[in-house]
Each structure stands twice: as C-alpha cells, then as structure tokens.
Amino acid sequence: MSEIETLKQWIDESDNIVFFGGAGVSTESGIPDFRSVDGLYNQKYKYPPEVMVSHTFLTQHTEEFYDFYKEKLAAPVLNAKPNVAHYKLAEWEKQGKLKAVITQNIDGFHQLAGSKEVLELHGTVMKNYCEKCGKRYTVEDVIKADGVPKCSCGGRIRPDVVLYEEGLDMDIMERAVRYIQKADVLIIGGTSLVVYPAAGLIRYYTGNKLVLVNLSETSQDRYADLVIHEKIGEVFSKL
Ligand code: APR
C-alpha cells in the first residue's frame with residue numbers, strides 16, 4: 001500500500017487526530033517559509049532575521065523591527081489566503097476526526113479556513129495591543145501606521161507574536177501536550193522542527209501512527225511511522 005493510501009486509511013479509521021504544523025503549511029498560499037532555499041531567512045538582510053524578530057531588536061531597533069515585521073511577516077498574510085491543507089484540517093475537525101491544530105504559524109489561516117480548536121504557539125499577527133493601555137488593534141492598523149504604530153494613548157502597539165527571547169504561553173503549551181499525549185494519530189506537517197520548545201512537543205506522542213508530511217528531511221524522520229516528502233497541500237488534496 002502506498003504511503004498516501006496508508007495515511008488515508010489511518011485518517012478514515014481515526015476520531016482522534018492531532019495536527020502539528022509550521023510555515024510549510026502556508027507556502028502553497030504564497031507565503032514563504034523561513035528556512036527553505038527561498039525562505040525568509042535566506043534573503044539578504046543587514047542582520048540575521050532571527051535577530052530581527054527578537055525582543056532585543058524590538059526594544060533597541062524599534063523602527064527597523066517594525067519595517068521588517070510589517071513588510072515580511074504581517075503584509076504577506078493580507079495578500080494571501082488559506083490553501084487546501086488548511087481546509088482539509090478544518091473538514092476533519094468538522095467530521096469529529098481531528099481534535100486540534102497546533103501551529104507555529106502566525107497567519108491565522110487555520111481559523112480563516114474554519115478550524116475551531118487552534119493552538120497558536122507563536123501567537124498571531126491578527127492580535128495587536130497597546131503596551132501601555134492594552135487597547136486592541138487590527139493587523140491593518142499596524143501595517144498602515146507610519147513607522148512605529150502608536151495607540152491613541154501614546155503607547156506603542158505591538159503584535160501578539162512570540163518573538164525570540166520571549167516565552168510561550170504556558171497554558172497553550174499544556175493544552176498542546178495533553179492533545180498530543182492522547183492523540184491516536186499525530187500528523188506533523190510543513191515544519192523543520194528546529195525551533196524549541198515548539199518542536200519538543202512531539203516527544204509527548206505515545207501512539208504508533210506518527211506521520212511526517214514535509215518537503216525536506218527533518219531530524220524526526222527516523223522516529224516517524226510514515227514519512228511523505230511531498231507538498232502537504234497536494235498530499236491532503238488526495239485524501
Ligand atoms: N509542503 C510540505 N512541506 C513544506 C512545504 C510544503 N508545501 N513548503 C515548505 N515545506 C517544509 C520545508 O521543507 C521546511 O522543512 O516546511 C518546513 C518549514 O520549515 P521552517 O521554514 O523552518 O518553518 P517552521 O518550522 O515553521 O519554523 C519554526 O521558526 O523563526 C521561527 O517563529 C518562527 O514559527 C517559526 C519557527
């Protein structure tokens with residue numbers, strides 16, 4: 001039986017699937033990932049991009065932080081939309097087969113595609129708040145602001161995105177661990193699994209149906225029960 005037929009059988013037979021994903025889920029929507037050859041981190045910048053999306057950079061190079069963030073992380077989301085991978089996951093949730101999507105992505109596409117239980121480990125560009133008074137703003141407010149986005153109270157507006165050096169939301173992490181611990185089928189897709197603590201979550205899986213759908217090889221391939229090195233949108237469209 002081919003890998004896709006095996007995956008189809010596992011999905012057809014399960015009512016407890018959990019998905020763990022990354023930037024590779026949104027590349028077929030036209031949003032570059034980070035570490036592929038054409039990814040964000042391989043484009044030429046004055047500083048290493050992982051330095052630019054850090055808390056230190058936000059505080060010490062605020063103008064440059066927002067230029068990079070608006071152009072490279074927020075704006076691309078507004079010009080793109082979910083793809084078949086997002087819609088399939090939402091469909092499986094509706095059918096009672098998939099329990100949760102755990103994502104490292106900040107584009108909000110899983111919710112846009114109809115997924116309800118989405119755990120955003122690294123936050124989302126869709127939520128923005130004033131650091132001083134807490135007032136909420138939209139991603140459009142941040143993008144259209146001239147330079148550093150400012151609140152009506154004068155405070156700085158920041159995206160609810162986890163930057164390097166910042167901690168993840170422990171409540172979300174605990175919920176993610178519980179879903180993964182209980183999962184019958186864990187499908188990991190579109191992630192290089194190199195950023196912790198997110199990547200460490202898959203260690204909690206105790207089942208025997210660990211699926212990896214990723215264009216490139218990852219350090220976890222050897223532990224997977226099923227590995228498919230193809231585009232996740234194309235694979236899911238066959239299921
Ligand atoms: N289908 C399947 N896999 C794909 C596709 C696709 N269409 N497109 C890209 N990929 C794979 C790439 O081969 C790569 O292994 O997805 C993976 C994306 O890896 P990264 O670019 O490292 O993205 P991600 O794993 O989400 O990065 C994790 O790094 O900078 C931080 O916070 C950022 O959340 C991000 C984290």
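Asn105 sits in the loop between strand E2 and helix H6 (109-112). Helices (H or I, at least four residues) and strands (E, at least two) are DSSP runs, numbered from the N terminus. The model is predicted: local features need pLDDT of at least 70, side-chain atom pairs count only at pLDDT 80 or more, and totals for chains, interfaces and linings use all residues. Residues are numbered from 1 along each chain as its sequence is written, and side-chain values use heavy atoms, with hydrogens and water left out.

Asn105 is buried, with a relative accessible area of 7%. Buried means under 20% relative accessible area, exposed over 50%, and partly exposed in between (1.4 Å probe, protein chains only). The side chain of Asn105 reaches the backbone nitrogen of Ala23 at 2.9 Å. Neighbours within four places in sequence aside, Asn105 is in contact with Gly22, Ala23, Val25, Ser26 and Gly123. Contact means heavy atoms within 4.5 Å.

Asn83 lies in the loop between H4 and helix H5 (84-94). Asn83 is also buried, at a relative accessible area of 7%. Not counting residues up to four places away in sequence, Asn83 touches Val25, Ser26, Glu28 and Ser29. Its side chain makes a polar contact with the side chain of Ser29 (2.9 Å). A polar contact is a pair of N or O atoms within 3.5 Å; within protein, one must be able to donate a hydrogen and the other to accept it, and residues adjacent in sequence count only if both atoms are side-chain atoms.

An open sheet is formed by 3 strands in the order E5-E4-E6, with antiparallel pairing. Two strands pair if DSSP finds at least two bridges between them. Strand E5 (136-137) and strand E6 (157-161) stand at the edges with a single partner strand each, so one side of each has no neighbour in the sheet. Strand E4 (residues 123-130) pairs with E6 over 5 bridges. Asn128 stands opposite Pro159 in E6.

Helix H8 (residues 170-182) has 13 residues. Asp169 caps the N-terminal end of H8, with a side-chain oxygen 2.7 Å from the backbone nitrogen of Asp171. The buried residues of H8 are Ile172, Met173, Ala176, Val177 and Ile180. They cover an arc of only 140 degrees around the axis, which puts them on the same side of H8. The arc is that of the directions from the helix axis to the C-beta atoms. These buried residues pack against strand E1 (17-21), strand E2 (98-103), strand E3 (118-120) and strand E7 (185-189).

Note on methods
The expected span of a helix is 1.5 Å times one less than its number of residues.
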